[in-house]
Amino acid sequence: NTEKHLHLGDIDSEHLMAMAYNAADLFVMPSLEEAFGQTALESLSCGVPVVAFDVGGIPDIVKPSINGTLVPRGDSTKLAAGIEYMISQKEMRVKMGMKARQIVTESFSFKKNASLYLNLYSRLLEQ
């Protein structure tokens, strides 16, 4: 393979991690299994749209045509097509990136999660 790539190694700093995500135009997550998809959420929180397989918790995070693209599990041809399409559509990618950040802020913030847990515990205690 003659394609060039840059291996970033282990990144222990949240600041450097955010810089790496922000340097990307697109985040590709070819996982065949995912319980949640933390790296997809991290990418979206940095305003970078995601192309991924439709598995596990990823569909809870990646919303097709809003903040990324989902393709059937294991379909590498559709994954490649999704990547090529997203790369070719810069204006759409930028809009998806802005929407991605907004969705993460509204739906996955610590404050939002704490509120959901408090409501759950209150309902359980009332029973």
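Author: Lys-95 and Glu-91 both sit in helix α5, 4 residues apart, about one turn of the helix. Helices here are DSSP runs of H or I with at least four residues, strands are E runs of at least two, and both are numbered from the N terminus. This is a predicted model, in which local features need pLDDT of at least 70 and side-chain atom pairs count only at pLDDT 80 or more, while totals for chains, interfaces and linings use all residues. Residues are numbered from 1 along each chain as its sequence is written, and side-chain values use heavy atoms, leaving out hydrogens and water.

Reader: What do the side chains of Lys-95 and Glu-91 meet in?

Author: Side chains of opposite charge can pair when their charged atoms come close. The term used here requires a side-chain nitrogen of Lys or Arg within 4 Å of a carboxyl oxygen of Asp or Glu. Lys-95 and Glu-91 are at 3.5 Å, N to O, so by that cut-off they form a salt bridge.

Reader: How many salt bridges does the structure hold?

Author: Besides the pair in α5, Arg-73 and Glu-33 meet at 3.9 Å, N to O. That pair links distant parts of the chain, 40 residues apart, with Arg-73 in the loop between β3 and α4 and Glu-33 in the loop between β1 and α2. The structure's count of salt bridges is 2.

Reader: Is Glu-33 buried or exposed?

Author: Buried means under 20% relative accessible area, exposed over 50%, and partly exposed in between (1.4 Å probe, protein chains only). Glu-33 has a relative accessible area of 64%, so Glu-33 is exposed.

Reader: Which residue of β3 is the bridge partner of Val-50?

Author: Strands β2 (residues 50–53) and β3 pair in the parallel sense over 4 bridges; pairing takes at least two DSSP bridges between the strands. In β3, Gly-68 and Leu-70 point one way, Thr-69 and Val-71 the other, and all are buried. The partner of Val-50 is Gly-68.

Reader: Which helix gives the most to the lining of the largest pocket?

Author: Phe-36, Gln-38 and Arg-101 are among the residues that line this pocket. Helices α2, α5 and α6 each supply at least two residues of the lining. The one that gives the most, with 4 residues, is α2.

Key:
1 Å grid on protein atoms, 1.4 Å probe; cavity = no way out; pocket = protein on both sides within 12 Å on 5 of 7 lines; lining within 4 Å.
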